[in-house]
4 protein chains.
Amino acid sequence: MKLWSKGHFLNREVEKFTVGNDFLTDVKIAPYDIKASIAHAKMLKKTGILTAEELSKIKKELHLLLKQKIQLNVEDEDIHSYIENHLTKKLGSLGKKIHSARSRNDQVLVAIRLYSRDKMQEVKKAAAELVKIINNFKNKHSTIPLPGYTHMQKAMPSSVKLWADAFICALEDDLILLETSYSLNNQNPLGSGAGYGIPLNIDKHLTTKLLWFKKTQENPLYCQNSRGKIELATLNALNQISLTLNKIAVDIMLFTTSEFGYFYLPKEFCTGSSIMPQKQNYDVIELVRGKTAGFSKYSYEVESIIKNLPSGYNRDFQLIKEPLIRGFEDIIEMIKIMTLVFSRLKVDSAKCKKAMTSELFATEKAYKLMQKGMPFRDAYRKVAEEIKQ
Amino acid sequence: MKLWSKGHFLNREVEKFTVGNDFLTDVKIAPYDIKASIAHAKMLKKTGILTAEELSKIKKELHLLLKQKIQLNVEDEDIHSYIENHLTKKLGSLGKKIHSARSRNDQVLVAIRLYSRDKMQEVKKAAAELVKIINNFKNKHSTIPLPGYTHMQKAMPSSVKLWADAFICALEDDLILLETSYSLNNQNPLGSGAGYGIPLNIDKHLTTKLLWFKKTQENPLYCQNSRGKIELATLNALNQISLTLNKIAVDIMLFTTSEFGYFYLPKEFCTGSSIMPQKQNYDVIELVRGKTAGFSKYSYEVESIIKNLPSGYNRDFQLIKEPLIRGFEDIIEMIKIMTLVFSRLKVDSAKCKKAMTSELFATEKAYKLMQKGMPFRDAYRKVAEEIKQ
Amino acid sequence: MKLWSKGHFLNREVEKFTVGNDFLTDVKIAPYDIKASIAHAKMLKKTGILTAEELSKIKKELHLLLKQKIQLNVEDEDIHSYIENHLTKKLGSLGKKIHSARSRNDQVLVAIRLYSRDKMQEVKKAAAELVKIINNFKNKHSTIPLPGYTHMQKAMPSSVKLWADAFICALEDDLILLETSYSLNNQNPLGSGAGYGIPLNIDKHLTTKLLWFKKTQENPLYCQNSRGKIELATLNALNQISLTLNKIAVDIMLFTTSEFGYFYLPKEFCTGSSIMPQKQNYDVIELVRGKTAGFSKYSYEVESIIKNLPSGYNRDFQLIKEPLIRGFEDIIEMIKIMTLVFSRLKVDSAKCKKAMTSELFATEKAYKLMQKGMPFRDAYRKVAEEIKQ
Amino acid sequence: MKLWSKGHFLNREVEKFTVGNDFLTDVKIAPYDIKASIAHAKMLKKTGILTAEELSKIKKELHLLLKQKIQLNVEDEDIHSYIENHLTKKLGSLGKKIHSARSRNDQVLVAIRLYSRDKMQEVKKAAAELVKIINNFKNKHSTIPLPGYTHMQKAMPSSVKLWADAFICALEDDLILLETSYSLNNQNPLGSGAGYGIPLNIDKHLTTKLLWFKKTQENPLYCQNSRGKIELATLNALNQISLTLNKIAVDIMLFTTSEFGYFYLPKEFCTGSSIMPQKQNYDVIELVRGKTAGFSKYSYEVESIIKNLPSGYNRDFQLIKEPLIRGFEDIIEMIKIMTLVFSRLKVDSAKCKKAMTSELFATEKAYKLMQKGMPFRDAYRKVAEEIKQ
């Protein structure tokens, strides 16, 4: 039975449409909903709505549920209904009490915040591993030169080391942005009810403490108004990592062409063609390039959904869950695959050295003239003149 | 075994990553791949690569396969490998011949074109049904007035009829755009191979005819370069329908507020709140609003993937399938749900009439003064003056 | 004086903010507003609101205005106020009559439609010239081979001719989409007033005929609701051209690297570096790449503005003018610069020939084995085996 | 003369196209370029490239230039060329020395960082003022109730105070994100040259100190690779403020309809209709809604430009300046106009009170039953039952 049921039934097509993919996405946030429910129950006990014995029973069932693999179907509607129904089935009318002093609106908010928190830590850990592996790569090839390019033309001497290190620097900056999103997300919305508070004497600060939140989000309306905004900040931070991976992928695609030839990957990273016998393709890199190029669809979607909506809860918010979850899953998968790539990426040092042709050293030449006293702009023109001849 | 297998194996993680969701999306395009394979086999027979008997055997197996429910798994890689492997299992070395004179690159192109063609017809049909139902609604309420709004303020007299008719007009224009996308998509890419043609004497015009394409896409490189561009044109056309549905949803949300109160939906279209006993919410409309607001994520993704890529096939293209398929499924679902909504949408004619307050008739009043000889701008100011008092 | 003035004044900051860039953008649509005003005046005469003599005076002033270079400033608010004020200054109270039976809402709509129509013809003409110049390039280099790439790796033999022709095909398809947008835009909204018609006996079909529109947009509310939708369809069509230019730019950037070296541009197309004396950079191509990559910001903006808005005129629509105008100006500029580029693009035939290495012919080899009776998949594996050794 | 000039001239059309809007945008960053040039000159003196006397002359000219209103034209190309040319004109061959040990690539980077830093402080200040004014509004109307909405339906009792306070909370969170972008941007790229360092013994840390940067961006390639990424982070932060303003605008538009009627603005904030005498429109609010809805076009553009580009400087980066500058200017303008709006926004307390109808108190009623011992879900159904009757 649905939490809001009042005896009439929903049109079947409408039900299917409104449930949407919730029965799939909610499986991912289920453990967080259960954990938040345990904290909520403890708060209900403290404020006298549950007795110690009631709390103990509810806790026991919720801990058991945490260990189960939950499968939702369309009829369950969402994880929030599922949990209350499960408790009612097990504990009778006591189960119905779990929803005292909360709404599905703050329930889903708190579950998503906890989910995001965990996932951001996972991203951070995966990114740290990638940094480590790029660092190994950098040190292993620390003496190999590489042409430096501007405008896709040979510019000045660079090195494999400098190239790889640039991505470490990028990831470090990306993690600073993630850190801020983490802290923005780390606010407790539980107790905000439907967006206008709970007309009871509740203790929001207790659940803040129990769930390790950094602060309580005090304005209940802002709890709702921040829906989507916080997810957007998170996805924007993930997108910065995605952009870093995108550049790595673009560079590898260019440097593994037969024309450049600086890098290659072992055969077990290559796929072939169904028609051309000779082909060794780096599909894995192309797919990182394509997925990172498209990654901002997630923030695009979230933002499109929340714009031009009035204050307070709107059901449109339900649609934010999927892009958030898929965004986390995609970025984690891509960081890991890129870590694997860097652990096996090979450098053809002979080709790199051969590519260090004289025009790369023109700037150095001009600077030498300058050090002998010629103004830089004149030295520049003199060297340019020599090259033309 | 993969079509491009040359004896070494792909790294497990790389395999999983490169296959991605293909094993899910490809199930949707499977029937189209099979139909195109039958046409291709007929062409191979005509050009002497298959005998009549061989063709007959292949056709039989493919027709059987068409009736089966295909389930792919990661190991199958994609539907193209699956079909060839299936034929080889059934027909021995004859099965291997099906891939003569084609590449997976043109194979996937032709399957997607056929899939899109079918889906666009489905969209068109669903939209026609929606037009019909809006028309019924319009006729049923043809005498009920409605305030006309500009800047969200009462402006001039309007009617339920005018309001509903505006969406019929919008859908008619939307279908013109769809028609063009249909025709753009209706080009046969089969025979373009990997993008550089087939070094054999093949007959592309035969498959064009067999598969009912309107024309053959002659330049094989353009076949590849049009990948994504054609899907984008299609999704842009679907997005116009989505924008029409978005406006319907926004209007219904506004007109069903208790403050406006012009429209309502029967109870079986309403969901409730888990905390507020009185609530009757139109979640179904909100979700149409949210999904239509976010719908352009599909064209956004496709476009992001194809930009800044060089000519010819790039594996990034694989990622275009999912947004295309999801775009079709979403729009069809939403058109249908909106048809259901319009079939049950109620008008509160008393509230509509009561809302026809005097300021709505100010313009008419000014025009009457004008018809008596006053220049319009003066009449306008006179009426404005009267209202102020 | 503003058209809507009723004796009080607008807060200065509010005025500046609401006028925005209108005084700049409106200069571009001024001639179209004047032309539509002439047609409107003729209609007013036919319906008896103006006398023949009055029409003659108004026509004369408007024709004079058409020849002037109009400069708007913030106080003029927009071109619509400017025209009415101008007529009133010249013709006294007769000037005030021009606004009879129309609203700024339909006035701006009709002006934009006429503007778009002209610009689309300009785009079409520029694109036709580009096709002609690419065709010259193609014919001039019709015998030069070029490696064909898939996955950015050498795949099969291609040619400069095939490469260039692929863009001609793309542009031809792009123009089909433009044609449909043209026809969608070619509907007369004049007479729809503020979105709820004009409470007078007017003749919309007369202005349709006078302004060469293909049809009258009959539902006045849909006239408003189509605002943005039609501009979006137009910008989406332009974006397809932009995507074609993007791919040309990406290919040229790759093929002019010293590593590929197939193409080059004469010195007067190259810019240099402020620090590196040797550099010859193709900034012009990079800027086409960047501008085409970002071009869809225009459709993105238009779509973002119109989503989640209720039916009828909303002032937000004013913001649609700028992206439309800038979209037209950008695409025309880019088509022209690309025409110039193709007229001077050089092919290094020696480098192209040298790049036609043996792996490009592996598929052909497999097909030869197939023609001798070996199933294609076996031939493929045999050739692959030989390459490995 | 251009910095990179080597005696040949650029094709006129190419020159016009490549300069683009630089001569307009660069005026905005000119003061920052000059300040960075002064710091750079001091560094050149310290490392022995300039004498104390030379530095003194250069400093004097640059300080004079700082006080002038710079006008660029197409021939000047950009501000970087302009400054060097200006110094050369004034100081002869000494002027040419200013470009020693730097490239336009790091020069433009440092100027944009300094510009952004200033603008972010301006945004912060403007936002603080808005918070203050909302706070005044909140306190002034602290006792007026307001219906709280969910799903756009009346839900539970809220208040003007809660509503206004929610935006203060939002802005406080937005400023946290801005703070991080500020710190990300606060890195010194000067000394990175064209992206591969300067082959001289320079002192990057000196300019870091002189220009008050928080840290030196050590990897010169990352300086280039962070181009666009840092601007994107900044624009994403500004976009969060924009989303907050969007929601304020949407709420005000709804609450000022005659149907809701909770708020209104004085006449000098209202514009009228050219056809309807009675209209008082809140165009200023609609334009904030429309501009905030479209604001993310700026981040969209920046991201589109940098995706799928290889490492190192690419000229496409030039196009990032305009969306960044326009983004700052738009957001500052909108914050200020919203501050003005809040300073004059009126509350119709009679209408607010009248709107506090009984259904808003249903939840409270259920909670009262619960406090008497009924499980919440049962109390909920009992109250719902009573309402139905």
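Guide: Chain A has 15 helices and 6 strands, where helices are DSSP runs of H or I with at least four residues and strands are E runs of at least two, numbered from the N terminus. This is a predicted model, in which local features need pLDDT of at least 70, side-chain atom pairs count only at pLDDT 80 or more, and totals for chains, interfaces and linings use all residues. Residues are numbered from 1 along each chain as its sequence is written, chains are lettered from A and ligands numbered from 1 in the order in which they are written, and side-chain values use heavy atoms, with hydrogens and water left out.

Visitor: Why is chain A called more spread out than a compact globule?

Guide: The radius of gyration of chain A is 28 Å, while the globule rule gives 21 Å for 389 residues, so the chain is well over that value. The radius is taken over C-alpha atoms, and the rule is 2.2 Å times the number of residues to the power 0.38. Along the principal axes, the C-alpha atoms of chain A fill a box of roughly 90 × 55 × 40 Å.

Visitor: Which domains is chain A divided into?

Guide: Domain 1 covers 12–100, domain 2 covers 105–354 and domain 3 covers 357–389; such bounds come from an automatic or database domain assignment. The centres of domain 1 and domain 3 of chain A, over C-alpha atoms, are separated by 73 Å.

Visitor: What makes helix 9 of chain A and helix 9 of chain D roughly antiparallel?

Guide: Their axes cross at roughly 170 degrees and come within 11 Å. Angles over 145 count as roughly antiparallel (under 35 is roughly parallel, 65 to 115 roughly perpendicular, the rest oblique), and therefore this pair is roughly antiparallel.

Visitor: How do you know how helix 9 of chain B and helix 9 of chain C run relative to each other?

Guide: They pack at about 170 degrees, with axes 11 Å apart, and are therefore roughly antiparallel.

Visitor: Why is helix 10 of chain C called oblique to helix 11 of chain D?

Guide: Helix 10 (residues 283–294) of chain C and helix 11 (residues 297–306) of chain D pack at about 135 degrees, their axes 8 Å apart. That angle makes helix 10 of chain C oblique to helix 11 of chain D. Gly290(C), Ala293(C) and Gly294(C) meet Glu301(D), Ser304(D) and Ile305(D) there.

Key: Axes fitted to C-alpha atoms, helices over the stretch in contact; angles between N-to-C directions. Contact = heavy atoms within 4.5 Å.
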